Amino acid sequence: MTTTLERAVTTATLFADLGDRRIAYRSLGEGPPLLLCNRFRGTLDTWDPAFLDALATRFRVITFDLSGIGRSTGEVPTDGVTAAADVAALARFLGLDRVVLAGWSLGGYVAQVAATRHPGLVSHLVLLGTAPPGVNPHPMEPVFLATALKPVNDLDDEVILFFEPASDASRAAVRGATSGSRPGPPISTHP
């Protein structure tokens, strides 16, 4: 059970020294280990602390930054197999034989690859808003990837990231969201 002193917002960031890279991670709660794979551009601080605190009432929740992302060192993985190696290496470092593996968005893709590459490691697989690995008939456009990988995004970048320039409806939504002419969610200028 999570105590009043043990909360996601105060959990220390630790590092798994894997020789060629250091993986930043946090561990919260007690129980079966639940390893969370994050979304595209997600870091340790992307997870909602209330969500982590709720999970930590039943699990040892472990969040981490993939290599080269957030506080982790090394090269950013460019494929699922390389990213899945971070999952297995972190589990080994922590002495975990079996984990519940959960993945959100791109993290779900990573979790699926990790489960197939390291089936003995994964007791359960939880997928949140993701797609299966394999051939994607609609791959990311180079402009999207280049924009998404910028350390800081401005409003023009957000339009590229969250709207489809080829769609009349999407272009109309951009005009409405940026002009204030109709109600709608604001466009965030935060990365």
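This is a predicted model: local features need pLDDT of at least 70, side-chain atom pairs count only at pLDDT 80 or more; totals for chains, interfaces and linings use all residues.
Q: How many helices and strands does the chain have?
A: The chain contains 6 helices and 6 strands.

Q: And what pattern do they follow along the sequence?
A: Read along the sequence, the pattern is β-β-β-α-β-α-β-α-β-α-α-α.

Q: What percentage of the residues is buried?
A: Of the 191 residues in the chain, 38% are buried.

Q: What about contacts: what share comes from residues 24 or more positions apart?
A: Such pairs account for 59% of the contacts in the chain with a separation of 6 or more.

Q: Now the second largest pocket: what is its volume?
A: The second largest pocket has a volume of about 160 Å³.

Q: Which residues are closest to its centre?
A: The second largest pocket is lined by 14 residues, and the closest to its centre are A8, V9, R26, L44 and L52.

Q: Which elements give two or more residues to that lining?
A: These elements are β2 (22–28), α1 (49–55) and β4 (60–64).

Q: Which one provides the largest share?
A: Strand β2 does, with 3 residues in the lining of the second largest pocket.

Q: And how does the lining divide by class?
A: The lining of the second largest pocket comprises 8 nonpolar residues, together with 3 polar and 3 charged ones.

Conventions:
Residues are numbered from 1 along each chain as its sequence is written. Side-chain values use heavy atoms; hydrogens and water are left out. On a 1 Å grid over the protein atoms alone, a cavity is a set of points where a 1.4 Å probe fits but cannot get out, and a pocket is an open set with protein on both sides within 12 Å along at least five of seven lines; lining residues have an atom within 4 Å of a point. Grid points are joined across faces, edges and corners, and a volume is the space filled by probe spheres set on the points. Helices (H or I, at least four residues) and strands (E, at least two) are DSSP runs, numbered from the N terminus. Ala, Val, Leu, Ile, Met, Phe, Trp, Tyr, Cys and Pro count as nonpolar, Asp, Glu, Lys and Arg as charged, and the others, Gly among them, as polar. Buried means under 20% relative accessible area, exposed over 50%, partly exposed in between (1.4 Å probe, protein chains only). Contact means heavy atoms within 4.5 Å.
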